[in-house]
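Biologist: I'm new to this one, so please take me through it slowly. Start with the words I'll need.

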Amino acid sequence: MTRPFILALAATTLLVAVLAPTLALAGEALPLTLLHFNDFHGQLDPVEDQGDSSTKGQHLGGIARLAGLVDSIRKEDPTRPVVLLFGGDLLQGTVTSTVFLGLPDIQILTEIGVDAAVMGNHELDYGQAVFRQILATAGFPILAANLEVTPIPFPTPATLILHPPNGPRIGILGLVTEELTTTTHPRNTSGIAMRSAEEIAAGWVPWLRARSDLVVVLSHLGLAADHQLARTVPGIDLIVGGHNHRLLKQPEIEQGVAILQAGARGQYLGRLDLVVQDGQIDIQGYQAIPVDDRAPEDASVAARVAELNARLAEEIEVVVGHNARRLDASRAVIRRSESNFGDWVGDLARAQTGADVALFNAGTFRASLPAGEVRLRDLHQAFPFGNELVTATISGARLQQVLNRSAALDPRDDPGGFLQVSGVRLVIADGIAQDIQIGGKPLDRDADYRLVMPDFLAAGGDGYAELKDLPDATETGLLILDLVTDAFRQQGQVDVGIDGRLVRR
């Protein structure tokens, strides 16, 4: 759906010729309600809130509730302009996203009336061909200014200018994290190069400033990078962010720039009310609105979701086993410390392949498995990537480098590259892997070890160049999803704790 108030789209070069629109007249007060959400990850249904908030334990989100909430805000005052922005990561994290490749999701977001989105780093998880389908299906622009693709560029403009009736002209720049090339399988990023977000913004912001009353960066960079951008690139009024899944109850202000982020999975809708007048922005109020059972549900969207779920139900609702306790893949655990889920899967992979060592990047695990019945749906949500196990030979010296790389990652960033291990015991202290033992013996830098890992790591994913092109690298043909599914079916009940193999001091 083409928006009637899109004035201009600029592609990839500052030489694009677009007539500058007439800016606001002196003294003219231009109101705007800006709505935003980010990191949707295919979450069509409500999901239990795991945060440390007043809503913890409640079921939040659901695309039908989100649609109804947006519609109700638009109807509050039909004369007040409302713009809806999406901060990236449409794909990956639910069974419906994996099975239907995000295409129903983008259709629904078009129907809801998203005005613009930024590309997220997970948009390539199902391959470039699928992303091109999504771009062709979307009825709104998906921006990415700092992305270069050869030989055939994506139709992802760098900027656009919106001019809703009665409102300010809004110049929008889309920026995506440089992690895009390391957080998906390398086969998905062939021909793709990233450019510095700060350098690109420094070029585009003055161009937008001359044509807009309000300059917005629609960012999938992460909160720290958003603050850095606000400090180093003058002329930005507002950064609407994503990537960290951070819920900011109020904007964070950096050098006068308001920075927003609204959690993840459609659980919250950010609402910023403002007035632009004489070049000044007056923020009248901000809310991070829980998308809970008080939100009106859009009946048409709810019917679409029910239809999709019905198509999946017969296969994915099958019980494959039971958990005596939760297998923990929460970001605050598996991306910072030892996890019982990481231990169990690593041990399974090592037993299956006869390897000495198993390494799994924490980003492999996308959802916890609850205590009680475990269904195929749960397993697909936990392992949506289709990763295959790869075995290889690694020297002790190189293995130590790999473990040091993991140990050096800042746990405050919840890094997906943090390694869960099997066959290894180590202590992390001062950002270094210490007291490393392999099979109960001190690591021998001169020895060779058999390693099993996801194909993502074997291709150098998450920046682990040390794991790329190892001797005897062999694809096993065994998917992690199938490994875990078979284990539940064979074991019936799983009861796994942690054993102190990975200690942080």
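Modeller: Helices (H or I, at least four residues) and strands (E, at least two) are DSSP runs, numbered from the N terminus. You're looking at a predicted model, where local features need pLDDT of at least 70 and side-chain atom pairs count only at pLDDT 80 or more, while totals for chains, interfaces and linings use all residues. Residues are numbered from 1 along each chain as its sequence is written, and side-chain values use heavy atoms, with hydrogens and water left out.

Biologist: Asp89 has a positive phi although it is not a glycine. Is Asp89 buried or exposed?

Modeller: Its phi is about 70°, and Asp89 sits in the loop between strand E5 (82-86) and helix H2 (95-100). Buried means under 20% relative accessible area, exposed over 50%, and partly exposed in between (1.4 Å probe, protein chains only). With a relative accessible area of 2%, Asp89 is buried.

Biologist: Asp414 is another residue other than glycine with a positive phi. What is the relative accessible area of Asp414?

Modeller: Asp414 has phi near 45° and lies in the loop between helix H11 (396-408) and strand E22 (419-422). Asp414 counts as buried, because its relative accessible area is 14%.

Biologist: Now the sheet of 4 strands: in what order do they run?

Modeller: Two strands pair if DSSP finds at least two bridges between them. E23 and E24 pair in the antiparallel sense over 5 bridges, whereas E23 (residues 424-429) and E29 pair in the parallel sense over 3 bridges. The sheet is open and its pairing is mixed, in the order E25-E24-E23-E29.

Biologist: Which strands stand at the edges of that sheet?

Modeller: An edge strand here has a single partner strand, so one side of it is left without a neighbour in the sheet. That is the case for strand E25 (441-442) and strand E29 (502-504).

Biologist: Which helix packs on the sheet?

Modeller: The helix touches E23 and strand E24 (432-438), where contact means heavy atoms within 4.5 Å. Its direction makes about 135° with that of E24, with axes taken as lines fitted to C-alpha atoms, for helices over the stretch in contact, and angles running from 0 to 180 degrees between N-to-C directions. The helix is H11.

Biologist: How many residues apart in sequence are Leu173 and Ala201?

Modeller: Leu173 is in strand E10 (residues 170-176) and is buried, with a relative accessible area of 0%. Not counting residues up to four places away in sequence, Leu173 touches several others, among them Leu143, Ala201 and Trp204. Leu173 and Ala201 are 7.6 Å apart in space, C-alpha to C-alpha, and their separation in sequence is 28 residues.

Biologist: How far apart in space are Leu457 and Arg80, C-alpha to C-alpha?

Modeller: Leu457 lies in helix H12 (residues 455-458) and counts as buried at 0% relative accessibility. Its contacts, not counting residues up to four places away in sequence, include Phe360 and Tyr464. Leu457 and Arg80 are 377 residues apart in sequence, and in space they are apart by 50 Å.

Biologist: Over the face of which residue does Arg405 lie?

Modeller: A charge sits over a ring if NZ of Lys or CZ of Arg is within 6 Å of the ring centre and within 35 degrees of the ring normal. Arg405 is at 5.8 Å from the ring centre of Tyr464.
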